[in-house]
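The following exercises concern one protein model. Each consists of a task and a solution worked in steps.

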Amino acid sequence: KGLVLWVSEGSVLRPSVAHGYSDRVLQRMGTLPIDGDNVTSLAFRSLQPQVVRGSFDGHGALAVPLITSGGCVGVLAAEVQGAKPGDTRFAVARMIAAQLSTIVGPGSSAANQATGH
């Protein structure tokens, strides 16, 4: 259904980029505390992928940390149909998260990269 790239900013995760959600929904998401009780924050803290089980016909979620040599810089979260532990979609999410971790990092932003700063 949708993807959200959460980026670390101090003690919170901020939604940075999304697909499948309107701008209005993205704005309503707000920030998540890194020490929060949710799978996105847990993925960030634990450095391990997390899942919210979905029912057979309902949506669940996958949350995969973006890990660099300096630590975790964010989380890729995806709302997917029928998510469950061991889901093969974790492999795809991990590959995407690994690619994103190369461009999302401490002190890096699209603006910094575009201006060469």
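**Exercise 1.** Determine how exposed the two partners of the salt bridge are, and state its geometry.

*Solution.* Step 1: Arginine 14 is partly exposed, because its relative accessible area is 30%. The classes are buried under 20% relative accessible area, exposed over 50% and partly exposed in between, with a 1.4 Å probe and protein chains only.
Step 1: Glutamate 9 is likewise partly exposed, with a relative accessible area of 40%.
Step 2: Arginine 14 pairs with glutamate 9 in a salt bridge whose closest N and O atoms are 2.6 Å apart. The criterion is a side-chain nitrogen of Lys or Arg within 4 Å of a carboxyl oxygen of Asp or Glu. By this rule the count comes to one salt bridge. Side chains of opposite charge can pair when their charged atoms come close.

The model is predicted: local features need pLDDT of at least 70, side-chain atom pairs count only at pLDDT 80 or more, and totals for chains, interfaces and linings use all residues. Residues are numbered from 1 along each chain as its sequence is written, and side-chain values use heavy atoms, with hydrogens and water left out.

**Exercise 2.** Describe the order of secondary structure elements and the overall burial of the protein.

*Solution.* Step 1: The protein contains four helices and six strands, taken as DSSP runs numbered from the N terminus (helices: H or I, at least four residues; strands: E, at least two).
Step 1: Along the sequence these elements give the pattern β-β-α-β-α-β-β-β-α-α.
Step 2: The protein has 117 residues, of which 36% count as buried.

**Exercise 3.** Which residues of helix 2 are buried, and what do they pack against?

*Solution.* Step 1: Helix 2 covers residues 39-46, and its buried residues are Thr40, Ser41, Ala43 and Phe44.
Step 1: They lie on the same side of helix 2, because they cover an arc of only 160 degrees around the axis. The arc is that of the directions from the helix axis to the C-beta atoms.
Step 2: The packing partners of these buried residues are strand 1 (2-9), strand 2 (12-19), strand 3 (32-33), strand 4 (50-52), strand 5 (59-68) and strand 6 (71-81). Contact means heavy atoms within 4.5 Å.
Step 3: Serine 41 counts as buried because its relative accessibility is 0%. Not counting residues up to four places away in sequence, serine 41 touches Leu13, Leu32, Pro33, Ile34 and Gly36.

**Exercise 4.** What is found at the N-terminal end of helix 2, and what just after the helix?

*Solution.* Step 1: The N-terminal end of helix 2 is capped by asparagine 38, with a side-chain oxygen 3.1 Å from the backbone nitrogen of threonine 40.
Step 1: Just after helix 2, leucine 47 has a positive phi of about 60 degrees, although leucine 47 is not a glycine.
Step 2: Leucine 47 belongs to the loop between helix 2 and strand 4. Leucine 47 counts as partly exposed, at 36% relative accessibility.

**Exercise 5.** Contrast methionine 95 with serine 101: is each buried or exposed?

*Solution.* Step 1: Methionine 95 lies in helix 3 (residues 89-101), and serine 101 is also found in helix 3.
Step 1: Methionine 95 counts as exposed at 54% relative accessibility, whereas serine 101 counts as buried at 11%.
Step 2: Leaving aside neighbours within four places in sequence, serine 101 contacts Leu66, Ile67 and Thr68.

Terms used:
Polar contact = N/O pair within 3.5 Å; in protein donor to acceptor, adjacent residues only side chain to side chain.
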